[in-house]
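Please look through the sequence and the 3D structure shown here, and then read the report that follows.

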Amino acid sequence: MKLVENNNMSSHIFTHLDALESESIHIMREVAAECKNPALLFSGGKDSIVMLRIAEKAFRPAKFPFPLVHIDTEHNFPEVIACRDKLAADLGERLIVRSLEGSIKRGSIVIKDPDKPRNPYQSVTLLETIAEFGFDACMGGARRDEEKARAKERIFSFRDEFGQWDPKNQRPELWDIYNTRVHAGENIRVFPISNWTEMDIWEYIAREKLYIPKIYYAHEREVIRRGNAVIPVSHLVQPKPGEKVEVLSVRFRTVGDMTCTAPVESTARNAQEIIEETSTTRITERGATRMDDQTSEASMELRKKEGYF
Amino acid sequence: MSNTTQLLRFITAGSVDDGKSTLIGRLLHDSKSIFEDQLSAISKTSEKRGMAAVDLSLLTDGLQAEREQGITIDVAYRYFATPKRKFIIGDTPGHEQYTRNMVTAASTANLVVILVDARKGVLTQTRRHTFLASLVGVPHIVLAVNKMDMVGYSEDTFNAIVAEYRAFAAQLGIHEITCIPMSALNGDMVVDHGDNLSWYKGAPLLDFLENVVIDYDVNTTDFRFPVQWVCRPQTQGYHDFRGFSGRIESGEIAVGDEITVLPSGRTSRVKQIVTFDGNLQRAYAPQSVTLTLEDEIDISRGDMFVKAAAMPQVSKEFEAMLCWLSESPLDRNRKYIIKHTTRMVKSLFSRLDYRVDVNTLAHHEASALNMNDIARVAMKVQQPLALDHYSKNRFTGSFIVIDEATNNTVAAGMIA
Ligand SMILES: Nc1nc2c(ncn2[C@@H]2O[C@H](COP(=O)(O)OP(=O)(O)OP(=O)(O)O)[C@@H](O)[C@H]2O)c(=O)[nH]1
Ligand SMILES: [Mg+2]
């Protein structure tokens with residue numbers, strides 16, 4: 001919101017970012033007011049960093065009326081985890097971390113190959129964490145422009161006692177009067193930034209000067225090429241015999257599981273340059289970077305039905 | 001005061017298979033808003049199904065069940081931008097069974113594109129969706145007469161459908177309709193004019209969407225501020241801070257303005273308008289802000305701040321138009337809760353006045369309310385609500401009805 005003052009007459013310009021921001025603040029306050037025990041899922045990625053700023057706008061000068069929760073696959077980029085911890089500490093908010101390792105020890109997750117992508121298992125640990133703390137609402141940073149199943153989901157998405165989404169029988173969601181009522185054991189997932197696009201996120205990061213993990217900006221990185229994908233070399237991904245390690249200038253459009261998140265070639269070193277690149281890109285955020293979503297046409301829908309965000 | 005925004009929310013509606021999803025696919029495709037990986041994914045699927053060309057409806061029909069059946073079940077939201085505007089599109093289902101999902105999308109839309117299949121003309125579902133769009137107050141209507149390729153691009157066919165549709169809409173008091181002939185399949189009149197409809201002198205759909213003047217629906221005169229959340233930091237430096245957080249639904253507010261708190265009727269003055277980005281002298285709808293007051297008065301979530309010069313009606317009884325959305329019919333033995341702005345109250349249906357026949361708009365006696373029924377009712381609530389007529393204020397004139405036993409949202413209501 002910019003205020004232009006002239007001769008005592010004040011005119012104001014309400015941009016599309018202001019409109020999106022106000023909608024998201026309104027959603028978070030509804031959650032805080034109506035849900036008994038909500039949580040904000042916070043991964044240290046760009047979308048959840050935008051959510052943190054929205055939460056500041058919704059609740060400061062008070063503390064957040066909910067904890068931050070991260071379901072850690074232990075396949076995360078170290079820069080992202082560092083950013084997660086720094087932001088939570090800077091804000092002085094409570095951060096709860098639960099890792100897949102805990103579920104593996106309990107036996108609720110059985111992993112065949114520890115180096116394979118772990119996103120599918122996140123739902124298990126998430127549901128266990130929801131049960132452990134008795135959360136009745138979890139806010140997540142998913143956006144409808146990311147994926148075709150997400151494009152179908154309500155802002156307040158009801159989940160049964162197994163955490164499952166029933167896409168054929170969603171609650172009507174009229175105006176912005178949200179129905180937050182659930183029975184004991186059920187919960188809702190709330191997506192305050194549903195209507196934001198990747199471009200909106202970058203414009204907001206630039207406008208608000210948000211601190212984000214530096215791997216979102218162009219940097220030199222060792223990668224290997226597998227099929228069409230460029231995969232970052234890490235302790236989890238080592239070149240196979242015959243594979244060549246290259247050093248490229250890349251940035252990440254999403255920061256997920258290290259074993260299946262591919263960077264894109266880029267020279268954009270700040271948010272403004274990323275905005276310029278984003279406006280000319282011909283590939284979606286997930287299409288460019290998430291190998292796990294391409295395995296089947298309905299992989300996101302299936303995961304959501306199992307309790308994924 | 002100027003209030004510019006570049007965001008237009010629109011939806012497609014109309015009967016089953018009239019081409020709503022295809023139109024959105026075409027719009028995205030021809031405005032170069034489809035990404036390469038999306039296009040290659042739907043091309044592969046189309047090929048697998050033995051289709052000659054890419055089925056653009058697959059872009060929005062994202063659920064497995066939708067793809068299996070070739071129909072839309074629930075709304076899909078899509079986003080695209082041109083240099084002139086940002087758009088949020090809702091692709092709604094035509095099937096009567098899923099009408100509630102169409103109402104969901106319509107409730108936040110600035111504009112609706114009603115599609116008609118040129119071979120079939122105006123159908124019951126065309127009328128139902130038009131009626132619902134007018135009931136929820138979608139300000140702009142476009143009639144898209146689609147599949148013109150299947151009627152030889154006939155101007156007479158187009159004119160006949162337009163005449164029939166206008167006659168129906170006039171009964172609803174809708175007179176401003178933009179009518180466009182098109183072929184969503186081939187792209188005529190979607191983004192480009194094309195060669196087949198040279199007799200049509202109007203602009204293609206995208207042109208219209210980019211240029212239509214959206215009167216913002218925001219009521220700029222009547223200040224309405226439902227309290228969402230009481231902000232009590234109780235931290236160093238803020239021990240006495242008591243702020244009332246919410247969104248200005250209509251009108252504006254300035255430091256020093258006198259406000260009335262409803263339903264109590266107590267008054268005070270605005271001391272500060274607090275935001276994370278600093279305090280403001282004045283704020284407008286639809287900003288989210290936190291207000292502090294000069295006086296210590298008892299205020300909690302669900303209360304509403306207004307100005308004495310423009311008061312809503314405060315009442316425990318009111319009349320409303322209702323869309324029944326639930327598969328289980330209204331049961332007067334059950335308990336229903338109303339959520340109106342930020343307040344939830346117990347309610348009773350004291351009268352069912354009439355049901356509306358969506359084809360003829362005739363009023364019928366109503367003894368029951370079933371899914372998709374639209375009715376006029378009288379309601380009583382346990383605590384007073386601050387109400388505006390829906391036609392004056394979309395935010396303080398609307399409510400939802402929740403079944404207390406199942407927690408489902410069973411109806412959408414508009415104060416009449
Ligand atoms: N010939 C022709 N066929 C079209 C046109 N537009 C759509 N179709 C076809 O009509 C059929 C139905 O199209 P959809 O876009 O799925 O229809 P819909 O209105 O979204 O259907 P629901 O969402 O289920 O109500 C498909 O086979 C389309 O290819 C058109 O302009 N011309
Ligand atoms: Mg459809």
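## A network of charged side chains

A:D18, A:E21, A:R53, A:E56, A:K57, A:R207, A:E208 and B:D277 are linked in a network of salt bridges, where a salt bridge is a side-chain nitrogen of Lys or Arg within 4 Å of a carboxyl oxygen of Asp or Glu. Side chains of opposite charge can pair when their charged atoms come close. Over all chains, a search of the whole structure finds 51 salt bridges.

This is a predicted model, in which local features need pLDDT of at least 70 and side-chain atom pairs count only at pLDDT 80 or more, while totals for chains, interfaces and linings use all residues; side-chain values use heavy atoms, with hydrogens and water left out. Residues are numbered from 1 along each chain as its sequence is written, and chains are lettered from A and ligands numbered from 1 in the order in which they are written.

## Where the two chains meet

In the interface, 69 residues of chain A are in contact with 84 residues of chain B, contact meaning heavy atoms within 4.5 Å. The two chains bury about 6,600 Å² between them, 54% of it on carbon and sulfur atoms; buried area is the accessible area (1.4 Å probe) that two parts lose on being put together, summed over both.

Across this interface the rule finds 10 salt bridges, and B:K339 and A:E30 meet in a salt bridge through their side chains, at 2.8 Å from N to O. On the side of chain A that touches chain B, the elements giving two or more residues are β2 (9-13), α1 (16-34), α2 (46-59), α6 (198-208) and α9 (299-305) of chain A; such helices (H or I, at least four residues) and strands (E, at least two) are DSSP runs, numbered from the N terminus. The most comes from α1(A), with 11 residues.

## The strand that holds B:K339

Strand β17 (residues 336-340) of chain B has 5 of its 5 residues buried, so it is largely enclosed by the rest of the structure; buried means under 20% relative accessible area, exposed over 50%, and partly exposed in between (1.4 Å probe, protein chains only). From β17(B), the residues B:Y336, B:I338 and B:H340 point one way, whereas B:I337 and B:K339 point the other way.

With strand β18 (residues 343-356) of chain B, β17(B) pairs in the antiparallel sense over 5 bridges, pairing being counted if DSSP finds at least two bridges between two strands. Another 5 bridges join β17(B) to strand β21 (residues 398-403) of chain B, and these strands also run antiparallel. The bridge partner of B:K339 is B:M344 in β18(B), and in β21(B) the partner is B:I400.

## Salt bridges within a chain

Which residue does A:D72 meet in a salt bridge? The side chains of A:D72 and A:R84 meet at 3.8 Å, N to O. A:D72 lies in strand β4 (residues 68-72) of chain A and A:R84 in helix α3 (residues 78-91) of chain A, so the pair ties together parts that are 12 residues apart in sequence. Both A:D72 and A:R84 are buried.

In chain B, the side chains of B:D117 and B:K120 meet in a salt bridge at 4.0 Å, N to O. B:D117 is buried, with a relative accessible area of 0%, whereas B:K120 is partly exposed, with a relative accessible area of 44%.
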